[in-house]
Amino acid sequence: MNEKELFDLATEARKSAYAPYSSYQVGAALVTEDGSVYTGCNIENASYGATNCAERTAIFKAVSEGHRKIKMIAIAGGSGDKTNFAFPCGICRQVMREFSEPGELKIVVGDGRGELRIHTLEELLPESFGPEKLE
Ligand code: THU
């Protein structure tokens with residue numbers, strides 16, 4: 001599974017987004033260390049705070065199936081037909097931190113016209129707080 005293939009899966013997953021309040025639809029797709037693939041979408045709620053982001057939907061699906069190490073996650077987000085470099089929110093970055101090696105997790109975002117940008121979690125969440133701090 002390469003970056004483009006994973007981003008295409010995120011774009012497909014975005015079609016399931018439930019975003020009647022923001023109209024900002026997001027899809028995510030991830031690969032675990034054993035090569036398993038999970039996808040997710042954002043799921044909004046009339047009680048806005050109960051909303052779940054696409055990245056966390058995909059991560060929680062993976063973890064609930066027994067996968068605790070993510071190697072790569074792609075995100076496709078935007079309003080209507082347009083998607084544009086949907087970088088993950090802070091809460092999702094922290095959840096990614098829990099289930100990855102920060103320097104090894106690749107985060108893929110795209111502009112929907114073919115350009116992909118790839119960062120490590122360490123770049124997007126430097127000096128982070130993780131599970132080992134509590135050991
Ligand atoms: N959203 C995501 O799904 N992922 C992010 O990283 C940022 C925000 C969703 C939450 C909400 O449904 C909508 O985008 C607008 O904030």
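I sorted the shell around the ligand by residue class and got seven nonpolar, three polar and two charged residues. My classes put Ala, Val, Leu, Ile, Met, Phe, Trp, Tyr, Cys and Pro under nonpolar, Asp, Glu, Lys and Arg under charged, and the others, Gly among them, under polar.

The model is predicted, so I kept local features only at pLDDT of at least 70 and side-chain atom pairs only at pLDDT 80 or more, while totals for chains, interfaces and linings use all residues. I numbered residues from 1 along each chain as its sequence is written, and side-chain values use heavy atoms, with hydrogens and water left out.

Next I listed the shell by name. Around the ligand I find Ser-22, Tyr-24, Val-26, Asn-42, Glu-44, Thr-51, Cys-53, Ala-54, Glu-55, Phe-87, Pro-88 and Cys-89 (a heavy atom within 4 Å counts as near).

Then I looked up polar contacts (N or O pairs within 3.5 Å). A polar side-chain atom of Glu-55 is 2.7 Å from a ligand oxygen. A polar backbone atom of Ala-54 lies 2.9 Å from an oxygen of the ligand, and for Cys-89 a backbone N or O atom is 2.9 Å from a ligand oxygen.

I checked cover as well: the ligand taken alone exposes 370 Å², and the protein buries 77% of that (Shrake-Rupley, 1.4 Å probe).

The ligand takes up the space of the largest pocket, whose volume is about 180 Å³. Of its 15 lining residues, Tyr-24, Val-26, Asn-42, Cys-53 and Glu-55 are the closest to the centre. E1 and H2 each give two or more residues to this lining. By class I count nine nonpolar, four polar and two charged residues in the lining.

For the terms, a pocket is an open set of points on a 1 Å grid over the protein atoms alone, where a 1.4 Å probe fits, with protein on both sides within 12 Å along at least five of seven lines, and lining residues have an atom within 4 Å of a point. A molecule sits in a pocket if more than half of its atoms lie within 2 Å of the grid points. The volume is the space filled by probe spheres set on the points.

Technical notes: A polar contact is a pair of N or O atoms within 3.5 Å; within protein, one must be able to donate a hydrogen and the other to accept it, and residues adjacent in sequence count only if both atoms are side-chain atoms. Helices (H or I, at least four residues) and strands (E, at least two) are DSSP runs, numbered from the N terminus.
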